[in-house]
Amino acid sequence: MRNYRLLLLLAALLGGCSWLIPDREKQYLQARQLPPLKLPADTGSSGMGIQPPPPAVPVQTPPPLPTVPSSTAPYIELAQPFTEAWVSTLKALNRLRLEITERDPDRGRIGIVHTPAEEELAEPGGWWEDILYFFTGAGTLREENYQLLLQPSDDATRLYLLDSKGKPRTDPLTMDLLERLKQTLATLPQS
């Protein structure tokens, strides 16, 4: 019986807590309306009425798709339409942890930065090597800027790896990066 009295007393006390914590649920019913906003005289009598049309902006035509300078340039061919190849390529670049500096789907270009020494420095070489790098800068990172060009063809898309000026490269570092990109694209699920 004592438990029931305690429970009843507790319910009565908790039920009366609204005087401690006011109920603001219906506070919006007592809200008042603000007076109209007073605008300076030079804005016109209608206030925010009809605005003059914005000035005409000349329409710029998108630049034409660039062509690859030579037919012997190495490429990867994806059996996907351009839009799917674009998404797959961005996923592959992300998996390779390459820095993307530019995305221009209208021109089919993706700007990337590849730091080949970064992979070597990421390998565990011990704390002494880390201290040596910190103080001497031995193994300084060398960045290579590339442009990845996606060109649609019949039912496929070709990927060309170009230098920052748009010229194809065939040096071992570029060919290695192109091969790694090809392998990463092959591991992605087809949509």
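This is a predicted model: local features need pLDDT of at least 70, side-chain atom pairs count only at pLDDT 80 or more; totals for chains, interfaces and linings use all residues.
Colleague: What rules apply to the model?

Modeller: Local features need pLDDT of at least 70, side-chain atom pairs count only at pLDDT 80 or more, and totals for chains, interfaces and linings use all residues. Residues are numbered from 1 along each chain as its sequence is written, and side-chain values use heavy atoms, with hydrogens and water left out.

Colleague: How many aromatic pairs does the structure hold?

Modeller: It holds 2. Rings of Phe, Tyr and Trp (its six-membered ring) pair if their centres lie within 6.5 Å; planes under 30 degrees apart are stacked, over 60 edge-to-face, and the rest tilted.

Colleague: Why is the pair of tyrosine 75 and tyrosine 160 called tilted?

Modeller: The centres are 5.4 Å apart, so the rings pair. Tyrosine 75 sits in strand β1 and tyrosine 160 in strand β5, 85 residues apart. Helices (H or I, at least four residues) and strands (E, at least two) are DSSP runs, numbered from the N terminus.

Colleague: How do you know whether tyrosine 160 is buried or exposed?

Modeller: Buried means under 20% relative accessible area, exposed over 50%, and partly exposed in between (1.4 Å probe, protein chains only). Tyrosine 160 has 6%, so it is buried. Tyrosine 75 has 35%, so it is partly exposed.

Colleague: Why is the contact of glutamate 77 and arginine 158 called a salt bridge?

Modeller: The rule asks for a side-chain nitrogen of Lys or Arg within 4 Å of a carboxyl oxygen of Asp or Glu. Here the closest N and O atoms are 3.1 Å apart, so the pair qualifies. Glutamate 77 lies in β1 and arginine 158 in β5, so the pair ties together parts 81 residues apart in sequence.

Colleague: What makes Glu144, Arg169 and Asp171 one network?

Modeller: Glutamate 144 meets arginine 169 at 3.2 Å. Arginine 169 also bridges to aspartate 171, at 2.9 Å. These salt bridges share partners, joining Glu144, Arg169 and Asp171.
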